[in-house]
Amino acid sequence: MMKAGTQMKFGIRQIEEILRNYGIKYEIVGDKDTEVSYYCPLNQLKDNSITWVRNISDVSVPLMNSIQNVILVAELGKNLEGAVFPVIYAENAHRTFFRIVQHLFMDADPEMKGARIERTAIIETSKIGNDLYVGHHTYIGKDVIIGNHVRVMHNVVIQGKVEIGSYTVIESGTTIGACGFGHYNDEDGNPVCVPHFGGVKIGEHVKIGANNAISRGCLADTVIEDYVKTDNLCHIAHNDHIKHGAMLTAGTIISGSTTVGENVWLAPGTLLNNAITVGDNAFLGIGAVATKSIPEGVIAAGVPAKILRNR
């Protein structure tokens, strides 16, 4: 794979091979001999680059015609009039474009590290899979179990009974397995932390963002299922259950013993009260504060969160 920023070139025929390997339906209009060396967003066009568009009406054809050696990925079934540059019309242009650049510019992605343990990392467990990367100043405790092809970046702490599934990425600065926030009052009324005997179970193809805090369970485990993605600065408390494909954006705070359903979207700054459930496919808007359970398949927003309509 080539490195971004070099003068190496690749052409449409190489891209076609990627599309065929994924079984993506596509149509190419224009010069198939065009070669490019870089990638760029549509609003920062530059010569010798590949870019993409979600809505074909957003393309300024005269502007793109003035760029040297540019390739556009657009939605299959659309038509762009007057283009002198090649257009790859493909199903789900968003997904297709990023699959293309992920293959061609893999070395530019900091998370696409080769398998190795950086010299400043401390790993006490022997239960690790193949093709593991562990970054600088990361600590992994003796009871941790890690699957194959996992990437754990820098300054991460993973402690206690934690299981991490294959193809998962843990970004820098995250802590997994710390004690949760549970207390009882002693005879004098002073708060005392309850013991946390549980662990954390993280599935496969999960992405945990930078500076997340994920608490271990109290009497049971905190569970994060396959394909969950968390943004930076998220908090997942003890005994939470985050189901398949849920998306937690920046600043999300989830109190203890709460369930987040499959394919839920929690917008930036979402707060969830303890012991509630957010149903499958629900969408919570920016800054929503859910004090009660949210039904499945609805859009809710506000403080406190109220149901606006079906998603």
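**Surroundings of one threonine, and a sheet with its helices**

Thr-168 touches His-149, Val-150, Arg-151, Ile-202, Gly-203, Glu-204, His-205 and Val-206, leaving aside residues up to four places away in sequence. The model is predicted.

**Thr-168**

- Thr-168 is located in the loop between β15 (162-164) and β16 (169-170).
- Thr-168 counts as buried because its relative accessibility is 0%, and buried means under 20%.
- A polar atom of the Thr-168 side chain lies 3.1 Å from the backbone nitrogen of Val-206. Val-206 is also one of the residues that Thr-168 touches.

**The five-stranded sheet**

- Five strands form an open sheet in the order β2-β7-β6-β5-β4, and their pairing is mixed.
- The edges are held by β2 (26-29) and β4 (38-39); each has a single partner strand, so one side of each is left without a neighbour in the sheet.
- Strands β6 (residues 70-75) and β7 (residues 87-90) run parallel and are joined by four bridges.
- Within this region, Val-73 stands opposite Ile-88 in β7.

**Helices on the sheet**

- Helix α1 (residues 12-22) packs on the sheet and touches β2, β5 (49-52), β6 and β7. The direction of α1 makes about 170 degrees with that of β2.
- Helix α3 (residues 93-104) also packs on the sheet, where it touches β4, β5, β6 and β7. The direction of α3 makes about 155 degrees with that of β5.

Terms used. Residues numbered from 1 in each chain as written. Predicted model: local features only at pLDDT ≥ 70, side-chain atom pairs only at ≥ 80, totals over all residues. Heavy atoms only, no water. Helix = DSSP H or I, 4+ residues; strand = E, 2+ residues; numbered from the N terminus. Buried < 20%, exposed > 50% of the residue type's maximum accessible area, 1.4 Å probe, protein only. Polar contact = N/O pair within 3.5 Å; in protein donor to acceptor, adjacent residues only side chain to side chain. Contact = heavy atoms within 4.5 Å. Pairing = 2+ DSSP bridges. Axes fitted to C-alpha atoms, helices over the stretch in contact; angles between N-to-C directions.
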